[in-house]
Amino acid sequence: MEEFRRAAYESADWIADYLTNTRDYPVVAQIKPGELVDRLPKSGPERGESFEAILRDFREQVIPAVTHWNHPGFMAFFATTGSTPAILGDMLTAALNTVGLHWKTSPALAELEQVSLGWLRDWMGLPRDWFGMIHDTASSGSMHALVAAREYVAPEARENGTPPGLVMYTSEQSHSSIEKGAIAIGIGQKNVRKVASDAEFRMKADALAEMVKRDVAAGLRPFCVVATVGTTSTTSIDPVPAIADIAEHHGMWLHVDCAYAGSAAIVPECQWILEGAWRADSLVVNPHKWLMVPTDLSVLYTKRPDILRRALSLTPDYLKTQEDPRAVNLMDYAVPLGRRFRALKLWFVLRYFGRERLAEILRTHIQWAEDLAALIEQDSRFEISAPHPFSTVCFRLKGSDAENLAILERVNASGKFYISQTKLLGKTVLRVAIGNLGTTWDDVRACWEMIRETK
Ligand code: PLP
């Protein structure tokens, strides 16, 4: 144990130094594919090695191959933060190694998950009777929502397999995980209707209504509609109240994907973003995107846990326990049996920062996005490509795709910043996503200066 204690202190020191000096590292790993594989031994050691040797190789071999998501210059995709309270929570989770099967195997896991997800639900202004559970990713959470949606409309599917004729709807701007979920549960890619979006990249509710009407007339069974609050490319907000009207009219399950933007609902003046979401049947939000929690921690909320349970509960003899209404068996609501104690890191984060401080961090990121957009607008060579309701700005040089991609490549090769790109209306646009706790306004401005100068 003394060897562990020494190595743990050394690791804690390394982590503290790393978090203090992250900006000294190149944000994007500067290695070629296969380089790390080539550098490491082809077979594992016959005899165990010392922590000292392993930690040395971690520093010297592994670290140069890391792209640093905790770097203040990371503004690609959606920027994230592995914050100090979450790191402590994750360390303690590994130490406890409690495995969530049924309640008795892990009472703390089952109950802390309910407690922390209850706090988050209240902070987001969601209905108090909604049930929440943690998944590794929004992709998994949304796939489980689709399973519940199928159970809701076609309960025979559990016994007989997915019946033909089920169709679902989502905007052409929605995340690929929705379509993937439909593929995985046997809905079929061609039965995922992509609803057109308007000039601000929001789902057109009238186009949705028209599509559903046509499918019903053709004898098909519309079973689910997925709205997005904070789409991946532009962070646009679908008109959830109008979509909820259509879902209710046709008896469809409504799922809201607010993986990135949902966290902003804890900011009182932003709570409107979830307008109408209380009418949804389920919703996913990713604290591991914009709530200072490192991956992997996504939350699926549903107002119909009974349907999810009916779809997925299957208890072999060896897992049977005494029924007790207060003992939540999370295995009944998801495909995985064993669960990590992920709630611990969320609980640490919610307690350490508190709602006010978290809201202040997000509010500041949103303000910086506004300020960045103002700078972009002052340079007539560039144009803003979409509204920016949150902390992500899409813009482009008024030029060819190749010129925009050249800017992207040069900025990302600098080692100082990592930005990403997407396609909007057939054109390549640049995306700057603010979301790391260490990022400052000076970083955002310096990133913009580099984009401008590399022209
Ligand atoms: N939904 C939206 C709107 C997203 O932007 C993303 C990823 O960026 C996802 C879902 C997928 O998230 P995850 O990586 O947690 O599966």
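This is a predicted model: local features need pLDDT of at least 70, side-chain atom pairs count only at pLDDT 80 or more; totals for chains, interfaces and linings use all residues.
Asp257 instead brings a polar side-chain atom, which lies 2.7 Å from a nitrogen atom of the ligand, while a polar side-chain atom of Asn286 lies 2.9 Å from an oxygen atom of the ligand. Taken alone, the ligand exposes 390 Å², and the protein buries 86% of that area.

The empty spaces come next. Rolling a probe the size of a water molecule over the atoms shows where empty space is left. When the whole structure is searched, one cavity of 30 Å³ or more is found, and the volume of the largest cavity is about 30 Å³. The lining of the largest cavity is formed by Gly100, Leu101, His102, Trp103, Ser106, Leu109 and Ala110, together with Val328, Leu330 and Arg339. By class, this lining holds six nonpolar residues, three polar ones and one charged.

The second largest pocket has a volume of about 630 Å³. Its lining consists of 25 residues, and the ones that lie nearest the centre of the pocket are Asp324, Pro325, Arg326, Ala327 and Val328. Helix H5 (107-123) and strand S2 (131-135) are the elements that give two or more residues to this lining, and H5, with seven residues, gives the most. The lining of the second largest pocket divides into 10 nonpolar, eight charged and seven polar residues. Val328 belongs to the lining of the largest cavity, and Val328 is also among the residues nearest the centre of the second largest pocket.

From the pocket we turn to the backbone. Most residues other than glycine have a negative phi, and most peptide bonds are trans. Against that background, the peptide bond that joins Thr295 and Asp296 is cis, with omega at about 10 degrees. Asp296 is placed in the loop between H11 and strand S8 (298-302). The backbone oxygen of Asp296 is also reached by the side chain of Arg342, at 3.1 Å. Arg342 itself lies in the loop between helix H12 (305-312) and helix H13 (343-378). With a relative accessible area of 11%, Arg342 counts as buried, because that value is under 20%.

Phe77, in the loop between strand S1 (74-75) and helix H4 (84-96), has a positive phi of about 45 degrees. Asn97, in the loop between H4 and H5, has a positive phi of about 50 degrees. Asn97 is classed as exposed because its relative accessible area, 56%, is over 50%.

Two pairs of residues that are separated in sequence complete the walk. Ala29 is found in the loop between helix H1 (2-20) and helix H2 (35-39), and its relative accessible area of 17% is under 20%, so Ala29 is buried. Ala29 and Val66 are 37 residues apart in sequence, and their C-alpha atoms are 5.2 Å apart in space. Lys180, in helix H8 (residues 176-184), has a relative accessible area of 59%, which is over 50% and therefore makes Lys180 exposed. Between Lys180 and Ser140 there is a separation of 40 residues in sequence and of 9.9 Å in space, taken from C-alpha to C-alpha.

Definitions and conventions: Residues are numbered from 1 along each chain as its sequence is written. Side-chain values use heavy atoms; hydrogens and water are left out. A polar contact is a pair of N or O atoms within 3.5 Å; within protein, one must be able to donate a hydrogen and the other to accept it, and residues adjacent in sequence count only if both atoms are side-chain atoms. Accessible areas come from the Shrake-Rupley method with a 1.4 Å probe; for residues, only the protein chains shown count as cover. On a 1 Å grid over the protein atoms alone, a cavity is a set of points where a 1.4 Å probe fits but cannot get out, and a pocket is an open set with protein on both sides within 12 Å along at least five of seven lines; lining residues have an atom within 4 Å of a point. Grid points are joined across faces, edges and corners, and a volume is the space filled by probe spheres set on the points. Ala, Val, Leu, Ile, Met, Phe, Trp, Tyr, Cys and Pro count as nonpolar, Asp, Glu, Lys and Arg as charged, and the others, Gly among them, as polar. Helices (H or I, at least four residues) and strands (E, at least two) are DSSP runs, numbered from the N terminus. Buried means under 20% relative accessible area, exposed over 50%, partly exposed in between (1.4 Å probe, protein chains only).
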